[in-house]
Amino acid sequence: MADVSTFDKRLRVEDITLTGMTFHDVNEAPFSVHGVFYEDDRFRRIPRAVAVQVSDGVAYLNDNTAGGRVRFRTDSRKVAIYAQLCAVGKMPHFALTGSIGFDVYADGRYMGTAIPPFEVVDRFEAMVHLDGKSHEVQINFPLYSGVTQLFIGVEEEASLSAAQPYKDLPVVFYGSSITQGGCASRAGNCYQAILSRELGFDYINLGFSGSAKAEQPMVEYIASLPMRAFVLDYDHNAPDEAHLQATHEPFYKAVRAAHPDIPIVMMTRPVYRLNKEERRRLAIVRATYENAVAAGDRNVYFIDGRQLVGKAFAELSTVDGCHPNDIGFYAMAKRVRKTLEPLLK
């Protein structure tokens with residue numbers, strides 16, 4: 001049976017030719033990997049020993065590479081990826097380009113996506129074309145898939161060197177499936193990735209779909225991380241108001257005790273029209289902020305989730321009434337930038 005790509009060649013996944021290309025393991029120099037690290041033959045976001053203490057959900061989602069990036073410099077006219085996968089995120093409301101694909105940027109400019117074939121199971125290869133000039137290249141890992149190995153291919157005669165290192169410690173984001181990146185159409189379109197490119201900072205994405213419940217092992221792990229700033233956003237995953245009430249302020253206090261001087265940003269869910277329960281949840285998060293200010297904290301900030309999408313985008317910003325599409329993530333990035341940018345200068 002024919003599909004639409006039979007009639008529209010621009011909707012086909014490109015067949016690539018790898019002759020004249022040299023492939024390199026991203027775990028070796030001159031590549032630098034950020035937002036994830038290599039453990040037990042796969043990329044992870046937190047140590048497995050911590051993840052299994054938190055919950056089954058976090059242990060599983062820990063292998064999703066949301067926030068992962070590899071950076072390098074090259075003048076190759078083509079950049080190819082060969083990825084081996086341990087989990088493939090196929091969902092009816094989530095583009096495979098975002099859940100499984102790799103985004104490629106040159107000096108911050110989007111150049112293309114390494115798009116998996118629809119029938120992808122455990123590996124795929126793809127290529128993105130550049131212009132042959134020397135660029136700092138960044139490749140964003142998939143948001144909802146696991147990667148066991150990643151090889152980058154450049155032309156045999158091309159130069160290859162290290163990218164400029166980030167200038168400071170990462171910003172850490174903790175939260176729900178929205179924090180993880182569901183359902184951006186591309187890995188580089190979740191709001192943290194947008195902010196990172198615009199403001200030039202490193203980051204760690206600790207969004208765990210349906211599984212961000214402020215468990216004590218997670219709180220202790222996050223508090224132990226070296227970080228430049230912390231964004232706390234798990235309203236959507238707290239099972240009920242009582243749970244949010246019992247965990248939110250202690251979470252803030254644990255991070256503040258470990259990091260007396262960093263900015264801490266608290267956010268509520270990005271929903272413009274709130275029901276009664278959502279309003280009470282917002283009040284709980286706001287109370288943590290107000291108590292912190294009253295206690296003398298001058299480096300804590302609050303973002304009302306209604307401001308993250310606003311009235312203008314309320315009907316356009318999600319794929320399912322909950323998870324942002326690219327419009328929603330751009331709106332979130334725009335609002336969070338107002339708070340975060342002055343703090344990072």
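Are Asp 235 and Arg 269 buried or exposed? Both are buried. The model is a predicted one.

**Salt bridges around Asp 235**

Side chains of opposite charge can pair when their charged atoms come close. Asp 235 and Arg 269 meet through their side chains in a salt bridge, 3.1 Å from N to O. Asp 235 sits in the loop between strand 15 (229–233) and helix 7 (241–258), and Arg 269 in the loop between strand 16 (264–267) and helix 8 (276–294), so this pair ties together parts 34 residues apart in sequence.

Asp 235 also forms a salt bridge with Arg 281, with the closest N and O atoms 3.2 Å apart. Arg 281 belongs to helix 8 and Asp 235 to the loop between strand 15 and helix 7, so here the parts tied together are 46 residues apart in sequence. Arg 281 is buried, as is Asp 235.

**Helix 7 and helix 8**

Two packed helices are described by the angle between their axes and the distance between the axes. For helix 7 and helix 8, the angle is about 20° and the axes lie 10 Å apart. Angles under 35 degrees count as roughly parallel, and helix 7 is therefore roughly parallel to helix 8. Their crossing is right-handed.

**A link from helix 10 to helix 5**

Arg 337 and Glu 198 form another salt bridge. Their closest N and O atoms are 3.0 Å apart. Arg 337 is in helix 10 and Glu 198 in helix 5 (residues 191–199); the pair links distant parts of the chain, 139 residues apart. Arg 337 counts as partly exposed because its relative accessibility is 27%. Glu 198, at 41% relative accessibility, is partly exposed too.

| Salt bridge | N to O distance |
|---|---|
| Asp 235 – Arg 269 | 3.1 Å |
| Arg 281 – Asp 235 | 3.2 Å |
| Arg 337 – Glu 198 | 3.0 Å |

How many salt bridges does a search of the whole structure find? It finds 23. Elsewhere, a network of salt bridges links Glu 39, Asp 40, Arg 42, Arg 44 and Asp 63.

**A nonpolar patch**

Which residues make the nonpolar surface patch of about 240 Å²? They are Phe 313, Leu 316 and Ile 327. Ile 327 is placed in helix 10 (residues 326–344). Its relative accessibility is 36%, so Ile 327 counts as partly exposed.

Conventions
Residues numbered from 1 in each chain as written. Predicted model: local features only at pLDDT ≥ 70, side-chain atom pairs only at ≥ 80, totals over all residues. Heavy atoms only, no water. Patch = residues over 30% accessible without salt bridge, like charges linked within 9 Å, V, L, I, M, F, W, Y side chains within 5 Å. Areas by Shrake-Rupley, 256 points an atom, 1.4 Å probe, with all protein chains shown as cover. Salt bridge = Lys/Arg side-chain N within 4 Å of Asp/Glu carboxyl O. Helix = DSSP H or I, 4+ residues; strand = E, 2+ residues; numbered from the N terminus. Buried < 20%, exposed > 50% of the residue type's maximum accessible area, 1.4 Å probe, protein only. Axes fitted to C-alpha atoms, helices over the stretch in contact; angles between N-to-C directions. Parallel < 35°, antiparallel > 145°, perpendicular 65-115°, else oblique. Left-handed = near helix turned anticlockwise from the far one by under 90°.
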